[in-house]
Amino acid sequence: APVERVFTVFTELDKAAERIPDIVSLEILSDGPFGEGTRWRETRVMFKKEATEEMWVSACDPPRSYTVEAESHGMHYGTVFEFTPDGDGTQVAWTFSGTPKTLGTKLLSPIFGVLMNGTMKKCMQRDLEALRAVCERGE
């Protein structure tokens, strides 16, 4: 799909729970269109349990990129989504990082980093495949 369409599909928060199987619910906490400052609370299945996190958009350059951040359990998370035209389609780059902020998370981060790496990659891949299918169907 064209880059503008892919960017739109990725940023339609009101449709995320119906499009991404791991998302149980999503509550938009801010007013206005998607952009810097947009906040939401997302509940998804992680490790066979529901987990709820509050997230926000810290940077947005439609239709090229946007950055989502979150703070949880002593960690700061950042995800950068980049969209590049590629022939008739769009190349999507999705970069995730976690930075420990407390002494406990700093001490445990080497262990959890190894454990979480595979889990996060699988989770992100499932999300990406679900959104790709929406783009390809033209929904």
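## Aromatic pairs

Rings of Phe, Tyr and Trp, the last taken by its six-membered ring, are counted as a pair if their centres lie within 6.5 Å. In this predicted model, the structure holds 10 aromatic pairs. One of them is formed by Phe10 and Trp94, whose rings are edge-to-face, at 6.2 Å centre to centre and with 70° between the planes. Because Phe10 lies in helix α1 and Trp94 in strand β6, this pair ties together parts that are 84 residues apart in sequence. Phe10 is itself buried, its relative accessible area being 9%.

Another pair is made by Tyr66 and Phe81, whose ring centres are 4.6 Å apart with the planes at 15°, so the pair is stacked. Since Tyr66 belongs to strand β4 and Phe81 to strand β5, the parts that this pair ties together are 15 residues apart in sequence. Tyr66 counts as buried at 4% relative accessibility, and Phe81 is buried as well, with a relative accessible area of 9%. Ring pairs also link these residues into a cluster, which consists of Phe7, Phe10, Phe34, Tyr66, Phe81, Phe83 and Trp94.

## Strand β4 and its neighbours

Strand β4, which covers residues 65-72, is mostly covered, with six of its eight residues buried. Strand β3 (residues 49-61) runs antiparallel to β4 and is joined to it by six bridges, while a hairpin connects the two strands through three residues. Within β4, Tyr66 stands opposite Cys60.

Strand β5 (residues 75-86) is also antiparallel to β4, and eight bridges join the two. Here Phe81 of β5 is the bridge partner of Tyr66. The hairpin of β4 and β5 has two residues between the strands, and in this hairpin His73 takes a positive phi near 50°.

## The second largest pocket

The second largest pocket has a volume of about 240 Å³. Its lining comprises 13 residues, of which Val6, Thr90, Val92, Arg132 and Glu136 lie nearest the centre of the pocket. The elements that give two or more residues to this lining are α1 (3-11), β6 (89-100) and α3 (103-137), and α3 gives the most, with seven residues.

## Confidence

The chain has a mean pLDDT of 89, and 90% of its residues reach 70 or more. Confidence is highest in α1, at a mean of 97, and lowest in α3, at 78. Where pLDDT is low, the predicted coordinates should not be read in detail.

Methods:
Residues numbered from 1 in each chain as written. Predicted model: local features only at pLDDT ≥ 70, side-chain atom pairs only at ≥ 80, totals over all residues. Heavy atoms only, no water. 1 Å grid on protein atoms, 1.4 Å probe; cavity = no way out; pocket = protein on both sides within 12 Å on 5 of 7 lines; lining within 4 Å. Points joined across faces, edges and corners; volume = space filled by probe spheres on them. Helix = DSSP H or I, 4+ residues; strand = E, 2+ residues; numbered from the N terminus. Buried < 20%, exposed > 50% of the residue type's maximum accessible area, 1.4 Å probe, protein only. Pairing = 2+ DSSP bridges. pLDDT = per-residue confidence, 0-100. Phe/Tyr/Trp six-rings, centres within 6.5 Å; stacked < 30°, edge-to-face > 60°.
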